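Please examine the sequence and the structure shown here before reading on.

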Amino acid sequence: MKYGYFDNPRKEYVISRPDTPTPWINYLSNSEYCAMISNCAGGYSFHIDPRDRRILRYRYNNLPSDRPGRYIYIYDDESSDYWSPSWQPVLKDLDIYECRHGLGYTIIKSRKEGIEAEVTYFVPLSDNLEIWKLTIHNLTKACKKLKIFSYAEFCLWRAESDQNDLQYIQNVAYTEFGDNVIYYSLYDRHPGYAFFTTNGDILGFDCDREEFIGPYRDESNPQRVEEGKCSNSIAIGGNPIAATCNKLILDSQEKKTIFFVLGVVKEKKHAKDIIEKYKDIKKVETEFSKLCQFWTDYLKKFKVNTPDEDFDTIVNIWNPYQCKTTFDWSRYVSFYETGIGRGMGFRDSSQDTIGVNYALPERVRQRLLDLARNQFADGHVYHLYFPLSKKGGFPNYLNPNKPYFSDDHLWMIIAVYDYIMETGDLKILNETIDFVDSDSEASLYNHLKIAIDFTLKHIGNHGLPLIGSADWNDTLNLPGPNNAGESLWVALQLHFALLSMIELASESNHKKDGIKFTNLAEQIKKHVNEVAWDGEWYIRAFTDSGEVIGSSNNDNGKIYVNPQSWAVISRIASKERATEALNAVKRYLNTEYGVMLFTPPYIEYRDDLGGITTFPPSLKENGSIFCHTNPWLILAECLLGRGDIAYEYFNQISPISKNKIADIHRTEPYIFSQMITGKFHPKFGAAKNSWLTGTAAWTLRSAHQGILGITPTMHGLMINPCIPQEWDGFTVVRYFRGAIYEINVKNPNHVSKGIQKIKVDNVKIEGKILPVFNDSQDHSIEVIMG
């Protein structure tokens, strides 16, 4: 069943019915102020940190679902009927409904009783606020007298206390009303102020939820809306809200616009200038135009045109858009992550940089330095950090006997390397950065070296890195009395990081380090192939007692996908073994909805494996289609030159392929999800945890550098596509280091991989690397495959 369609000229996904299987949402954000909104206007807002600066309240896993939100009620004075243009929360049938999720904005449009209403929600680029622009059109032949009610429920700033410490938090709120503005703060004023206002004349207002909603009611039938007037209540303690009532008289065919502004300021006096600015409808429209221009400029930095329109839709629009969102908020806050406990993940944020460094290099640079400040002097790092304080921490499942995650610190190397290849900015390696637990500081380059050293000092009985509390798979804990669990996957990651360090050492004139890293890489490659090859594929790990995980001898968890893809990505596997391992993945792990994490799933809890066996089969890390792993597999297949298989894997997890089966897939068909339920579950194909997932950055990487084969290197752009044989070719516009590369790839012989000839500005070049121009000019690139 379809619930909507893609409108590519407008870069929007259009939802044509409100009752989507799950709330289909959008992030409206300027990277500081963030407003999450569903297709029915549910959702909430926060400023910088959703834990400590939560502005609006949202009730997770609640019935009725997707409440509260940014609601507007239309009340007809003549009939006393009322409804919401967003369907929720009133839930009365609408004659027409449409929600357009765009880039940084959402437009909900509906019609009932001859009244057409359109609400545009967006966050301006430069102010910490959100705007709800409501346009009402009277399509009837009669004059209509309406009242427009607005509703937003404030969170009591500290989201955790708002949910867990009611005896305290229910007694600290304070609201005021004056000059058409509702102000909300805590009584001590410490977090600052939220404010809510409208450009219309306010007939009445309410700041107290219970006064507005009424006893034993909810947002679907507020007492004050039914009565057609507000009570002018003030909240001192209790549950503060912003509700207003505006009178609107519309002649036949007349159209009027009013708008509402919700924002935050540190001092109350600062709100006045902002409110004055947004009283002018032209200012509102100007800010909306600036937002649209921002995304036009963002997306033009990499634009592809292939024979597959669906591929282009994801790679040109929705995948980059999701990458920007994950870069801003990591895995911290979504409709599935409450934004209270986990903060910004270190490994997550490191990986998220690879999805945006071509578009936001300055912000990536700062993010990398912020991450490095969360490293300890011995080389390991915090697993989390919080954007408001910039301080780090560990989750509650940290094993006190193994108080680190074995992969976290190595992601820093991969992220820094990737940034330098994109920008050529070797100077970042000389930046000096403090350690968490020491007064000393070191260059970023030395921070990276210490990360390698930490792993080398934590090697287990089989010569592989100790897993610590976990590796990339947070639930593969391998606990036990010996603290001896080992991760083959981290060995592969270490080899990949060493290859990066070899190049960085060479480019930054650290020749002795380069020799050292080269020797280490050779030793690791040899050793891994001696101890970790199972006959058809690579194993996954050794338990605390030394049992092999991911072997054909196991009853469950025989073959894991990550060791196979990363054996290729890390250049550990020979071509023969790489081919055999990836063939095994296709044979045993592939499904119509994507490649599973491993198979068969575990059917009972095992103390020696840990959290991975707490999930039923085919859910989460117990053998689901964990989408993050699929783009790694795409990259591996491209390295082998198997473009048709890589393309098949891309299409299997691409959300656009789920648009026709939305009732099965359930989450948004324009955004990647964290996981899809595996084939051993009765709801095979159902996705969960959309938006904030490493799938976004790595899928964009697999498209840019794998399938399209356009890879930044220290000395230029390397061109080496791996495409489906049926493609005649493709074109790409790529911004790179101060120049624009207009790349035209032709595939006359219908191969997947191989370059016959490259011309740069009509001059043939040797090799596959395009030069760095840095001249602010356009350059024509012709590539002939064969």
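## The second largest cavity

The second largest cavity holds about 80 Å³ of space. This value, like the others in the report, was computed from a predicted model.

Which residues line the second largest cavity? The lining consists of Tyr 27, Leu 28, Ser 29, Gly 104, Trp 295, Tyr 321, Lys 324, Thr 325, Asp 328 and Trp 329. Two elements, β3 (25–29) and α7 (309–329), each contribute at least two residues to this lining. The largest share, 5 residues, is provided by α7. Sorted by class, the lining of the second largest cavity contains 5 nonpolar, 3 polar and 2 charged residues.

## The largest cavity

The largest cavity contains about 110 Å³ of space. Its lining is formed by 15 residues. Among them, Ile 354, Tyr 358, Arg 701, His 704 and Gln 705 lie nearest the centre of the cavity.

Which element gives the most to this lining? It is α19, with 5 residues. At least two residues of the lining come from each of α10 (408–423), α19 (695–707) and β36 (710–713). By class, the lining of the largest cavity comprises 7 nonpolar, 4 polar and 4 charged residues.

## The structure as a whole

Conventions. Residues are numbered from 1 along each chain as its sequence is written. This is a predicted model: local features need pLDDT of at least 70, side-chain atom pairs count only at pLDDT 80 or more; totals for chains, interfaces and linings use all residues. Side-chain values use heavy atoms; hydrogens and water are left out. On a 1 Å grid over the protein atoms alone, a cavity is a set of points where a 1.4 Å probe fits but cannot get out, and a pocket is an open set with protein on both sides within 12 Å along at least five of seven lines; lining residues have an atom within 4 Å of a point. Grid points are joined across faces, edges and corners, and a volume is the space filled by probe spheres set on the points. Helices (H or I, at least four residues) and strands (E, at least two) are DSSP runs, numbered from the N terminus. Ala, Val, Leu, Ile, Met, Phe, Trp, Tyr, Cys and Pro count as nonpolar, Asp, Glu, Lys and Arg as charged, and the others, Gly among them, as polar.
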